[in-house]
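Here is a short briefing on one protein model, grouped by topic. Keep the structure open as you read.

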Amino acid sequence: MKDGFPSAHWVDNTICTQENRIEQGRKMLLNLKNHIKKNAAVICVFLSVVFLFIGCEITHPYYFLQDDNADWYVCSFEHTVRSAFSGELALYNFHQFSGIPHLDKGQSGVLNPMVYLAWILSHALFGHSCAVIEILAFIYSLMGGIAMFYLLKKLKLNEIAAVIGGISWAFNAF
């Protein structure tokens, strides 16, 4: 009893004492530990992808922005997104070869929501479109690695094999 008041208070018709709060905190920490332990393999795949991408970008900035990615894809994605934000579907690209079909090429990303997400992130984080390819490569590698991990787990492989398979799949050449 402190200052004439009991040290416990009523919450939801149960009395909460210091011991009850400590016990609830222990249960929460145990649940968090079990959750992390259960998802440790997925976290391992995620962190591997993140650190490998950071390593690529540190050693060679704009690592994925080479050859066709720089010459065609960035320009194509820029046209795609600008057309969509102006309320049009990019059917033709009149900026190349006096006009060529754009939507029916299939590689222009007109119907791919990840292109729009990468373009928005590129402009929000870097202020230009040059990072669109980097962001797309990161998103696709991350999704591919985690999906492969879950596929291998579904095929009854052990966690170590699934982690190695997920990381390998995320960074295979094609």
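Glutamate 159 is partly exposed, because its relative accessible area of 36% falls between the 20% and 50% cut-offs. Its partner in a salt bridge is lysine 153. The model is predicted, and a search of the whole structure finds two salt bridges.

**Salt bridges**

- Between glutamate 159 and lysine 153, the closest N and O atoms are 4.0 Å apart.
- Lysine 153 is also partly exposed, with 31% relative accessibility.
- Glutamate 78 and arginine 82 form a salt bridge through their side chains, at 2.6 Å from N to O.
- Helix α3, residues 68-85, holds both glutamate 78 and arginine 82. They sit four residues apart, about one turn of the helix.
- An α-helix has 3.6 residues a turn, so residues three or four places apart point the same way.
- Side chains of opposite charge can pair when their charged atoms come close.
- Is glutamate 78 buried or exposed? Glutamate 78 counts as buried, because its relative accessibility of 13% is under 20%.
- Arginine 82 is exposed, because its relative accessible area of 55% is over 50%.

**Cysteines**

- How many disulfides are there? The count comes to zero.
- Cysteine 130 is in no disulfide. The nearest cysteine sulfur belongs to cysteine 75 and lies 9.1 Å away.
- Cysteine 130 is partly exposed, at 35% relative accessibility.
- Cysteine 56 counts as buried, at 18% relative accessibility.

**The second largest pocket**

- The volume of the second largest pocket is about 300 Å³.
- Which elements give two or more residues to its lining? They are α2 (40-59), α4 (113-125) and α5 (132-154).
- α2 gives the most to this lining, with four residues.
- The lining has 10 nonpolar residues, two charged residues and no polar ones.
- Among the lining residues are Val50, Phe53, Ile54 and Glu57. The lining also includes Leu121, Leu125, Phe126, Ala131, Glu134, Ile135 and Phe138.
- Tyr62 is another lining residue of this pocket. Tyrosine 62 has its place in the loop between α2 and α3.

**Helix α5**

- α5 has 23 residues. From its first C-alpha to its last, α5 reaches 33 Å.
- That span is close to the 33 Å expected at 1.5 Å a residue.

**Positive phi angles**

- Most residues other than glycine have a negative phi, and most peptide bonds are trans.
- Tyrosine 62 is not a glycine, yet its phi is positive, at about 55°.
- Tyrosine 62 counts as partly exposed, at 29% relative accessibility.
- Where does lysine 156 lie? Lysine 156 is in the loop between α5 and α6 (159-170).
- Lysine 156 is a residue other than glycine.
- Lysine 156 counts as exposed, because its relative accessibility of 74% is over 50%.

Methods:
Residues are numbered from 1 along each chain as its sequence is written. This is a predicted model: local features need pLDDT of at least 70, side-chain atom pairs count only at pLDDT 80 or more; totals for chains, interfaces and linings use all residues. Side-chain values use heavy atoms; hydrogens and water are left out. Buried means under 20% relative accessible area, exposed over 50%, partly exposed in between (1.4 Å probe, protein chains only). A disulfide is a pair of cysteine sulfur atoms within 2.5 Å. On a 1 Å grid over the protein atoms alone, a cavity is a set of points where a 1.4 Å probe fits but cannot get out, and a pocket is an open set with protein on both sides within 12 Å along at least five of seven lines; lining residues have an atom within 4 Å of a point. Grid points are joined across faces, edges and corners, and a volume is the space filled by probe spheres set on the points. Ala, Val, Leu, Ile, Met, Phe, Trp, Tyr, Cys and Pro count as nonpolar, Asp, Glu, Lys and Arg as charged, and the others, Gly among them, as polar. The expected span of a helix is 1.5 Å times one less than its number of residues.
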